[in-house]
Amino acid sequence: MKKKYDIEVDCANCANKMEEAAKKTNGVKNAIVNFMALKMEVEFEEGADHKSIMKDVLANCKKVEDDCEIYI
Amino acid sequence: MNKKQKKALRNIIIAIVLLAAIKLSERFIAYEELINGSFPTGRVILFFLYMIPYLAVGYEILRKALKGIKNRQVFDENFLMAVATLGAIAVALIYNGDYTEAVAVMLFYQIGELFQSIAVGKSRKNISDLMDIRPDYANIERDGKLEQVDPDEVEIGSVIVVRPGEKIPIDGVVVEGVSSLNTAALTGESVPLDVSETDNVISGCVNISGVLKIQTTKEFGESTASKVLDLVENAASRKSKSENFISKFAKYYTPVVCYSALALAILPPVILLITGNDANFGQWIYRALTFLVISCPCALVISIPLSFFAGLGGASEAGILIKGSNYLEALASTGYVVFDKTGTLTKGVFEVCETVPADPEMTKEQLVEYAAMAEMDSNHPISLSLKKAYAKEIDRDRVNDVTEISGHGISALVDGKRVLAGNIKLMRKFGLNVPEDLKETGTVVYVAVDDRFAGYIIISDVVKEGAKEAISLLHNDGVSGTVMLTGDSDRVAKKVAGLLGIKEVYSELLPADKVTKVEEILKKKNSAQKVAFVGDGINDAPVLSRADIGIAMGALGSDAAIEAADIVLMDDDPRKISKAIRIARKCMRIVYENTIFAIGVKIICLILGAVGIANMWVAIFADVGVMVIAVINAIRALFVKKL
């Protein structure tokens, strides 16, 4: 399953870091951050609960870039 | 400007004012001479004075750097800036230096960040304005009143009302009203499109003149506007090689420079110490700090995706939708353009292109009139094109006794005269003498009136306006080959190709043969060249996906084509292919310029910094200056009108 989220982040490098962090989160199969469109597309593992996973994704992103936001 | 940017601007102004005030006060107060016994009171006062603007502008950075360390994210730009400026302050404190540099580094860094944020925000807005086709609501008539509803909630088959000035929210058919539509946001075409009852309309167009009632044929999510928006939003997610290179580069570059800085701060002085010289720690630490300032990869990391984003935005303004920056990159090195003939270079509709009366008393108009009258009940494409050429309402009372002679043509009484219209077999059947082998490339309709051969009409597919120009533009662009593939007969293919100036033609191909041909071309070309296939999206999905770049044209409203193609031309002008290539090349040129410029300046400054020629000010230019220049250069990719 794929879902798209609006995000907020200031710099392109930080967006790259968010992408890395999201990819490493459990339950996430793949993630693509589009800095220009301020969107994050997350592909979840089969049968995963995307709501709880997105909380982890946000927490992991906050770790690498304090100043980011994902509108879940 | 948003809240964050305003706050940053306020801090920058405060810092500049304070810094200026301190500088001014130094003219009147000799701080250095304020010494209380052995305690340098003046220097301590100066230190605290300089710390005010420093913290005003750098507090956020220091806070983020601390957080970064806590989260084990050491090598980020905040950390670099914090270490560089705190280091500079420490050096100044110990060696009685000037604090100005540390404050200035932080100040310029913040100015650069602010500039970048505004520039990115601006281009983001520019591009989303270009693609401003997202409808906010749909009007539905309930009990004689118009009600605005969410387009998502409108079911297929509902009737929506679109007033002048409003966007058509959902694809559908006009059931009432006449109007002109502005399709510029979708096609880049500025001439309005006239629509009336029974015309299909697509979402995203703006209604200009009259009220339209439209019966929807699709859901909002499946409508053209939504599909196009989806495509554009996803475009930047397919990253190009250049973008991947940059993010890889940034990943290694920053740590490498940081460790080099550390080495620069420690190794030379230690070696100097061992060899019995003056270690001069202050100088080497200062050089190491300039390294850190230069090391920030922002210029690259921001300007490359921004260039692609602007390029994609510029292209969509011109009615060219590109599904990803990787395709933009491929497009720039297009070596071969392979065309499908029908619907791409030709209009794909039959038209009367020549009328030749055999009887001197018969005018061209009369000949067409007789043929159209005889064929009035047929829906064959040939008959339709005859009726279209006649262009008048057919007076059915003038026609009697219509019989279709299968495989031959039609016999009918028109104004009491026996008219035969059909192929050569029909003429022979009635024993009429007609010129054979006309060497014409099209379908020939022979017409006989009262058992006398009256003339013939040639009906064929016509070459699109601009098709010839499109081919010569491509050759001018330095594309090494243009190829035409068609299922049509060799004779027709050769004629069209000759007319357009295409040298390589393959005719009488089945759809599967087209894939084979494209594969042959893929093998033939050299590895740096890309093969683009241009089709109209009908029956050529396999070829579109097999070629390096699949271009579908006039594909608006055709879901299959939008799915299969990598690039979608919103209108069916073949000249847009050359334009797309030029946009791609401009964008790639900017990408290379920025890459080489940014990496080049940084490496030069790193070398100069290591040997002590470049000071902190040069380092600031290498970081912020380069970034500002690269961002401005990147935005150029948005301007594609004159290409």
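Let's begin where the two chains meet: the contact takes 18 residues from chain B and 16 residues from chain A. Keep in mind that this is a predicted model. On the side of chain B that touches chain A, the elements giving two or more residues are α2 (41-70), α4 (100-130), α7 (241-274) and α9 (298-317) of chain B. Of these, α9(B) provides the largest share, five residues. Sorted by class, this side of chain B has eight nonpolar, five polar and five charged residues.

Now step back and look at chain B as a whole. You will find 21 helices and 22 strands in chain B. Its radius of gyration is 36 Å, well over the 26 Å that the globule rule gives for 643 residues, so chain B is more spread out than a compact globule. Along the principal axes, the C-alpha trace of chain B spans about 130 × 65 × 40 Å. Buried residues make up 46% of the 643 residues in chain B.

Finally, zoom in on one helix, α17 (residues 511-524) of chain B. With 14 residues, α17 of chain B reaches 20 Å from its first C-alpha to its last, close to the 20 Å expected at 1.5 Å a residue. Which residues of α17(B) are buried? They are B:Lys514, B:Val518 and B:Ile521. Seen down the axis of α17(B), these buried residues fall within an arc of 60 degrees, so they line one face of the helix. An α-helix has 3.6 residues a turn, so residues three or four places apart point the same way. The cover over the buried residues of α17(B) includes β11 (334-340), β18 (481-485), β20 (530-535) and α18 (541-546) of chain B. On the other side of α17(B), B:Ala512, B:Glu520 and B:Lys523 are exposed.

Definitions and conventions: Residues numbered from 1 in each chain as written. Chains lettered and ligands numbered in written order. Predicted model: local features only at pLDDT ≥ 70, side-chain atom pairs only at ≥ 80, totals over all residues. Contact = placed C-beta atoms within 7 Å. Helix = DSSP H or I, 4+ residues; strand = E, 2+ residues; numbered from the N terminus. Nonpolar A, V, L, I, M, F, W, Y, C, P; charged D, E, K, R; others polar. Rg over C-alpha atoms; globule rule 2.2 N^0.38 Å. Buried ≥ 20, exposed ≤ 12 C-beta atoms within 10 Å, placed from the backbone. Expected span 1.5 Å × (residues − 1). Arc of directions from axis to C-beta.
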